[in-house]
Structures are given as structure tokens and as C-alpha cells.
Amino acid sequence: MDQDQLKQAVARAAIDHLVPGAVVGVGSGSTVGFFIRELGRVRDRVGGAVSSSEHSSTLLRAQGIPVLSIEQAGPMPVYVDGADEIDAGLRMIKGGGGALTREKIVAAAAERFVCIVDRSKVVPVLGAYPLPVEVIPMAVGLVARWFAAIGGDARPRGGYVTDNGNPILDVHGPSIVDPAGM
């Protein structure tokens, strides 16, 4: 199978985790795009979605799925999202697409997180992908210095702001992504 077929397969498998009639939390990214298309096929099985990004909200609405705020949603049994990297210990780097703060908030509002990844995201050691950190604009230099003090190299993602209007620092350095190395 090619990578798109693998993404399609994990997206289809995530449908089995839906709770009939309940609102589902939906992340962002290319694999989640496949999940949203699968969700569109069974849209009558969900009570709507809470989305972590404007892009995912647009895709959900195109599939005829109502997009709700966390306040409107009530209990949310399941949140479905992907990851940029994941290791055998289920540690992962998420948020490379830039919706990381919203993803964490929607995930925290859900009872269960279903992570959908294809085998290309499984790595022996985290760190090939930088650790993304969303910061408020006034704190970019301060946060970058904090990371430098612990061995990280935090670089602003040029020309990019999140849906929240904040910049992202991409942090490089093995001690940053390896909890044992901290």
C-alpha cells in the first residue's frame, strides 16, 4: 500500500471508535483529512464535531457535519487526531501543522484520544521532526532562550501563525524530545 492507502486504512479503522449519537473531537492534518471523509460517510452516526483547526472545520462542514464549540458539545467521548512522530512507548510529537494548542484543548475535553498514524510516522527515536511550541508573540525570544538553556535550538517558523494568531517555535535538539534526557 502507498502512504495515502495507509492513511485511508487508519482513518477507516478510527470510525469503529465513534460513540453513536455523540459529538466527536477532530484534529488536523493530512491523515485527519482522510478521517473526515470517512466520517462524512457515516455522518448520521455522530451528533456533530468539535474541530481543532479552521481547515478541519471547513472539511467537516463540506461533509455535512455540524461543527460545534466545546461549550456547545457537552460530553465528548472520543477525539481523533494524528501525530508527526510516535515511538514504541507511545510518546509522540504532535502539532507540526500548527494547530497544536487547539488540538491539546480539544483532546483534553474528550474522554479518550484515538491517534491515527500510518507506519511512516513510527520512529525508533523521537526527534527527526522538531518539537513545535506555540507561543504568544511577546514571548518568542524569552521562550527561545529557555530552550537554549536546556540544549534546544528554538527557531521561529518563518511566516507562519496559528489559527490563534500566534507564532510557532520549532525546537531542535535530542534532549528536548527525549524525556529520559531531561
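Reader: In what order do the four strands of the open sheet stand?
Author: This is a predicted model, where local features need pLDDT of at least 70, side-chain atom pairs count only at pLDDT 80 or more, and totals for chains, interfaces and linings use all residues. Residues are numbered from 1 along each chain as its sequence is written, and side-chain values use heavy atoms, without hydrogens and water. Strands are DSSP runs (E, at least two residues), helices likewise (H or I, at least four), numbered from the N terminus. Pairing is parallel, and the order is β2-β1-β3-β6.

Reader: Which are the edge strands?
Author: Two strands pair if DSSP finds at least two bridges between them. An edge strand pairs on one side only. Here these are β2 (49–51) and β6 (110–115).

Reader: Which residue in β3 stands opposite Val26?
Author: Strand β1 (residues 24–26) runs parallel to β3 (residues 76–81). Three bridges join them. Opposite Val26 stands Val80.

Reader: Which residues of helix α5 are buried, and why do they line one face?
Author: Buried means under 20% relative accessible area, exposed over 50%, partly exposed in between (1.4 Å probe, protein chains only). Seen down the axis of α5, the buried residues fall within an arc of 130° (directions from the helix axis to the C-beta atoms), so they line one face. In α5 (residues 100–109) they are Leu100, Glu103 and Val106.

Reader: Is Leu90 buried or exposed?
Author: Leu90 lies in the loop between β4 (85–86) and β5 (92–93). Its phi is near 65°, positive in a residue other than glycine. At 62% relative accessibility, Leu90 counts as exposed.
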